[in-house]
Amino acid sequence: MLTMNLEGLEMIAVLVVVVVFVKVLEQFGLLEAGYDDSVEDELELSAVRHRPEGLEQLEAQTRFSRKELQILYRGFKNECPSGVVNEETFKDIYAQFFPQGDASTYAHFLFNAFDTDHNGSVSFEDFVMGLSILLRGTVQEKLIWAFNLYDINKDGYITKEEMLDIMKAIYDMMGKCTYPVLKEETPRQHVEVFFQKMDKNKDGVVTIDEFIDCCQNDENIMRSMHLFENVL
Amino acid sequence: MAAGVAAWLPFARAAAIGWMPVASTPMPIPPQDKRKAQDGLIILNVSGTKFQTWRTTLERYPDTLLGSTERDFFFHEETSEYFFDRDPDIFRHILNFYRTGKLHYPRQECISAYDEELAFFGIIPEIIGDCCYEEYKDRRRENAERLQDDEEMDMNNDVTPVNLTFREYLWRAFENPHTSTLALVFYYVTGFFIAISVMANVVETVPCGTLPNRSKEMSCGDRYALAFFCLDTACVMIFTVEYLLRLIAAPSRCKFMKSVMSVIDVVAIMPYYIGLVMTDNDQVSGAFVTLRVFRVFRIFKFSRHSAGLRILGYTLKSCASELGFLLFSLTMAIIIFATVMFYAEKGSTATKFTSIPAAFWYTIVTMTTLGYGDMVPKTIVGKVFGSICSLSGVLVIALPVPVIVSNFSRIYHQSQRAEKRRAQRKTRLARIRAAKIRGTNAYMRYKQNGLLIDALEEEAGQALVGKAASPPFESQHHHLLHCLEKTTNHEFVDEQTFQANCMEISVVNKSGSRTSSLSSSPHGLSSCCSRRHRKKSSFSLPSTNNQELSTIQIRERPVSNSRSSLNAKLDETMPLKCDEAYISPSMVRLSAPVATSSDDASTATTTYSQSNIVRVSAL
């Protein structure tokens, strides 16, 4: 007969017994616990797979020869067998070139610059279009590409904060062990120098025309634009 | 930088354009790619299986054979491909390494074959990927252990060199009782006395009936005190002698004294000496009785006699971490359940659970499923938790036990393997020996044939007898051996001849009429005999001193420059040796120096002994 003065330990004992009972019933399948996860698991099995457009179309759209496209695709597919690069893989690949520092932030900006349709992944077409501009494009196109890289929110203006982010990302790739030692305000100072040079009307933002004008007048920048032309 | 992303380097360089507008200083000039790498296909023909890959794939790793110019050595012009005479199955993995940047280890391949291939292609095994690295390391360790076992056995089974010091001899006798009969006798005697001592310890506590003037039953130890004391003394004396001998013979006394076995030895005999020293004082005799407990450690001395006991001890030592974990988890569970049981049973009357430590006993007995029943919970709560305690006890104990068992099994199998290898050693060595004898006989035949033909050619000017068709490899090998003979002025003989030589010279040794000159020759011969003993790697029985596996045997023979008449006689026999077929009976060779030595006892001079070039007598 159940008396109502159950003490503390007895309560716990009763609880334990009830829990065990429930578990046993579950084992017999009479009580089902929530199992919504199994449905989601199946969706992941069908991994994303992407096939690029034909070789002729790509040849027409980019300035690479057939052979060059073949070499590029082979390297691309070797590293990303599924045909698309997501941001994580992109960061990993880029980080391998800069082991001393942290290249993830800059890789993030690069990823956004390559991912022109902003769907979160870089397909081979995106990749090859970007490379076509960088390696085979005119100086104007390269400068436009660089402007798009710096303009993080893609609103047509580069603000100081955006530039600061980019600058910090670039300095992060250097890592800690530099000579002279990297100080906190170095990126900021660099941004100041940049804005002094680029911002003609001193309105605190750099527009694309200001940017292109200024770069075309700068010899160093012009010369360095031609640097990587025979990379492939 | 992993070479897998080498394909993305152009991308990284292109993306560097993003830094250009920001840079304040001019950029450095890029390196000129003078040699525009032709991106052609390379065909690699590995024992007939053709592999093809891009040239740039191979050149990703320029410090390996395939990635450097070293592969040009394997270029085959006629088919314009690279040909490697290696295993194509393993090559597949090596080529995959170039392609993917990851080296895998195939589980079905033999570890030494795989290592050889890696060494050939200049790939260091440390870059094996994580997925296969553990397996690789395990197999490698097993292989190394196997080789080490073999080597140790080789060292252990060396025939006793004659000039061991007494101390080393003693140590060897203790460590390997099978080397000499005396050691074996000692081994069995000590084993017997250990058994006797342990049994005496056990029996002396058995009640043995009463003496007429006592009412209480006495133990056998008290009744026959003198007999047991004598037995104990005898055993302790044997153990002491053994310990002292081991101490003397040990190569490193400090290390020996720190070793486990020596500590056990000391602990086994100390109680007796302490008992001797102490008087029959009432206060200390209590402590003395406690000391007697240590006598039971004598049983551990058996571990020298039993390999299984050693394995068990070694297993426990190697499973120390698992045992520690078991102990820790048990302690945790005991404390938890003891606390719960104490508070659960607190309310019930006349309960045995008087405190938490008292509840420990209940918990231990329950968790190890002993269940003595001297403490049982009475309340319902207590019973509920008691049942949970016993269920969980089974689980907690069952977890680390398989780990310990698998460790034991691994070590046990290792020792089994060692035993099997030792047993197969005899057949293996016999096989090696047979092969060597075959080789020597083949060589002898070759020489006979060759020289016979030479002689006949000299006579008749043309080869009358066709050589027995021997494979070109073998004939070249034999020619090489012959060149070696000519170089060293020694010749190869086979075993029987050599043994006969040894016997003869030992006979000559025994005969008193030896001269100083000839003393050098048998000395040289016996030294060569003993040198053979030292060098050989067999386990030859002590009885047959002349057993060997090598076939180069040396026999001294005076050279022909001396003035003694000894040489005149030898000059006559020399042409017989060199030019004709070696069909002269061996005894002729042997008897010549023996006969001449006995004649020429007086005229031999030191110059003769100086110009003693050792020449080999051949069949």
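In this predicted model, strands β1 (residues 41-46) and β2 (residues 49-54) of chain B run antiparallel to each other and are joined by six bridges. One of the residues in this pairing is Asn45(B), whose bridge partner in β2(B) is Lys50(B).

The next topic is how chain B meets chain A. On the chain B side, 40 residues are in contact, and they touch 51 residues of chain A. Between them the two chains bury about 3,700 Å², and 74% of this area lies on carbon and sulfur atoms. Three elements of chain B each give two or more residues to the side that touches chain A: α1 (9-15), α14 (320-345) and α16 (380-398). Of the elements, α1(B) gives the most, with seven residues. Sorted by class, the side of chain B that touches chain A holds 30 nonpolar residues, together with five polar and five charged ones.

What is the count of salt bridges between chain B and chain A? The count is zero. Polar contact across the interface of chain B and chain A comes to one residue pair, with both residues at pLDDT 80 or more.

Key:
Residues numbered from 1 in each chain as written. Chains lettered and ligands numbered in written order. Predicted model: local features only at pLDDT ≥ 70, side-chain atom pairs only at ≥ 80, totals over all residues. Heavy atoms only, no water. Pairing = 2+ DSSP bridges. Helix = DSSP H or I, 4+ residues; strand = E, 2+ residues; numbered from the N terminus. Contact = heavy atoms within 4.5 Å. Buried area = accessible area lost by both parts, 1.4 Å probe. Salt bridge = Lys/Arg side-chain N within 4 Å of Asp/Glu carboxyl O. Polar contact = N/O pair within 3.5 Å; in protein donor to acceptor, adjacent residues only side chain to side chain. Nonpolar A, V, L, I, M, F, W, Y, C, P; charged D, E, K, R; others polar.
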